[in-house]
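Hi everyone, thanks for coming along. I'd like to walk you through one model today, contact by contact, so please keep the viewer open.

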Amino acid sequence: APCNLTVSAAIYGGATGSSLRAAGGCDWGTSARSILGNRSTRCFDMAFNPPPADASIDATHARSRPCPVANLSGLYAGAGDGVPRAGGTSPCHRVGSTVARGELIEVTVELFALRAGYSYPYEFDIGKKLVMCFQARACATCCYSTPYCLTVEILGRSPVVTVPAVPPSCVFAVFQSDKLAGPGLVAPAVLPAVADYSAYCPPLYACWNLASAASDGPPSLPPPPGRPGQYSQAPSPEHFSFEGTDADLGETVTVEVLWAPQYDVSTLSQLDSNLTSITTSTAHQGGCFQQWTSDIYTTDPLCRVGTRDVTVTVGFAPAGSPSLSALYVENVPYLTPAPAPWGGSEDGYFFVHFTGDKTICVAVTDNQAIKWGRGLNNTYVRCQMVRFQGPPTFVRHWTRALDSPFNASDARGLGDGVPTLAAYVGREISWTMRARDPNPEDQLSMSVLEDPGVPRGLLASPPVCVVHGQVESRTAPDGTVWSGCAEAARNMSWTPSTGDS
């Protein structure tokens, strides 16, 4: 895109009898005219307003800077006159005439506006540093000011994370590669604050799903023996793909997951290594390659897009692992002493909950320093929360066999298998179906399936919510959340008649 800069100067009165000469000079700082009026000795207050009609800024140095001409015609189809050039120079920057604006005079410099075919900064200019000097004077025969020199550095566009998509309000960090301590190593000081990205960036949901569903078979067959509880069965891994891209042709990107435990940036790394994995390197679309031909700027645009995948298994860490698990079985405190190894549980029920939210930070870095041989690479970092979720499950009580009946319990104390209840003609049998959601803020509902349905005459009470009140929040580690119906129960009762036997 076009790139312009404006240089301004002020003309101060220095003739005999002028306020500047009478004051013996002036002081820099903000204007004091509102306080001291004409007695102000601030330089800003002594400038001519308007400036003298023939005051000017000499931009000869900036105007005379040549542009080297390379073989640029192949970078953009139809750009310029399409005539390859082997070398030499051409006029470069357009400098406008001096104009008055208030108490200032100024000139505008349009970078590369006179370069044939490429009239503003392009990718092949990235990293260049342009030195320009200017001088101002009050009239055509007046002395020049001391030179005012500046350096213009042409910067490339920063890469961005494009997948997963987020709203514009999602915070991020952009910096150059000198802030990197090594591949994938970024000090937390240059990253977005957790409070900011947890508030403005949507979380990534790691959901528990069965790897394969098992059928219980028809009611006439006995239940399958030894099937583990719902959350003890093997879950299907959750896959997250992070895609980064760079808008600058000729550059490529590297995607890194900031997994360094010494910086504790991606706290998802605290999970046991059996529950997480990251692809070993950045994948580029179509196996991108650089086309090194006679035109050094011909590129494969597929190289601008890179992808890195993260896999999370929402399951239990191996027994004895010192790392965190994604799932935990809760069973404290019991109302009455319980047998080993459980110790005690809330009302005696075994239920599952997830670990709290974890963070994941992804960095996308371009290769502009290597590609163009100038400057530093650019890095873009986005962080998001990883939130664990899953369906409710029926819970068992450690002593009450008819409170959500199960065939047995598995090694973690969770209900195991499908029970068979003995019912006698003329005698009422009662039991409770109780379920709990591992996310305490969720609202649970409970229905009776139409297939296979219920026996004739069975009475089912409406679902009754179990209010746990304010409990520890898994989504806000420093706070609590209201749990009003994450657990619910329905009482079932049935008296078999002679025809049911």
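Let me start with a term: I call a residue buried if its relative accessible area is under 20%, exposed if it is over 50%, and partly exposed in between, using a 1.4 Å probe and protein chains only. Some housekeeping, too: this is a predicted model, so local features need pLDDT of at least 70 and side-chain atom pairs count only at pLDDT 80 or more, while totals for chains, interfaces and linings use all residues. Residues are numbered from 1 along each chain as its sequence is written, and side-chain values use heavy atoms, with hydrogens and water left out.

With that in hand, look at Arg434 and Asp403, which are both buried. They form a salt bridge, with the closest N and O atoms 3.2 Å apart; the term stands for a side-chain nitrogen of Lys or Arg within 4 Å of a carboxyl oxygen of Asp or Glu. Arg434 is in strand 28 (residues 429-436), while Asp403 is in the loop between strand 25 (396-397) and strand 26 (408-409), so this pair links distant parts of the chain, 31 residues apart. Strands here are DSSP runs of E, at least two residues long, numbered from the N terminus. The two residues also belong to a network of salt bridges that includes Arg400, Arg436 and Glu487.

How many salt bridges does the structure hold? There are 12. One of them joins the side chains of Glu123 and Arg157, at 3.0 Å from N to O. Glu123 lies in the loop between strand 7 (104-110) and strand 8, and Arg157 in the loop between strand 9 (148-153) and strand 10 (160-163), so the contact ties together parts 34 residues apart in sequence. Glu123 is buried at 4% relative accessible area, whereas Arg157 is partly exposed at 45%.

Arg157 also has a salt bridge with Asp248, where the closest N and O atoms are 2.7 Å apart. Here the partners are 91 residues apart, with Asp248 in the loop between strand 15 (238-245) and strand 16 (253-257). Asp248 is buried, at 3% relative accessibility.

Now for the rings. A search of the whole structure finds seven aromatic pairs, meaning rings of Phe, Tyr and Trp (its six-membered ring) with centres within 6.5 Å; planes under 30 degrees apart count as stacked, over 60 as edge-to-face and the rest as tilted. Tyr120 and Tyr122 are a stacked pair, 4.8 Å centre to centre with 10° between the planes. Tyr122 and Phe124 have ring centres 5.7 Å apart and planes at 5°, so they are stacked as well. Tyr118, Tyr120, Tyr122 and Phe124 form one aromatic cluster. Which of these residues are buried, and which partly exposed? Tyr120 is partly exposed at 26%, Tyr122 is buried at 12%, and Phe124 is buried at 3%.

Two charges sit over rings as well, by this rule: NZ of Lys or CZ of Arg within 6 Å of the ring centre and within 35 degrees of the ring normal. The charged end of Arg412 is 3.9 Å from the ring centre of Phe316. Lys371 lies over the face of Trp372, 5.4 Å from the ring centre.

That's my tour, so over to you for questions!

Note on methods:
Helices (H or I, at least four residues) and strands (E, at least two) are DSSP runs, numbered from the N terminus.
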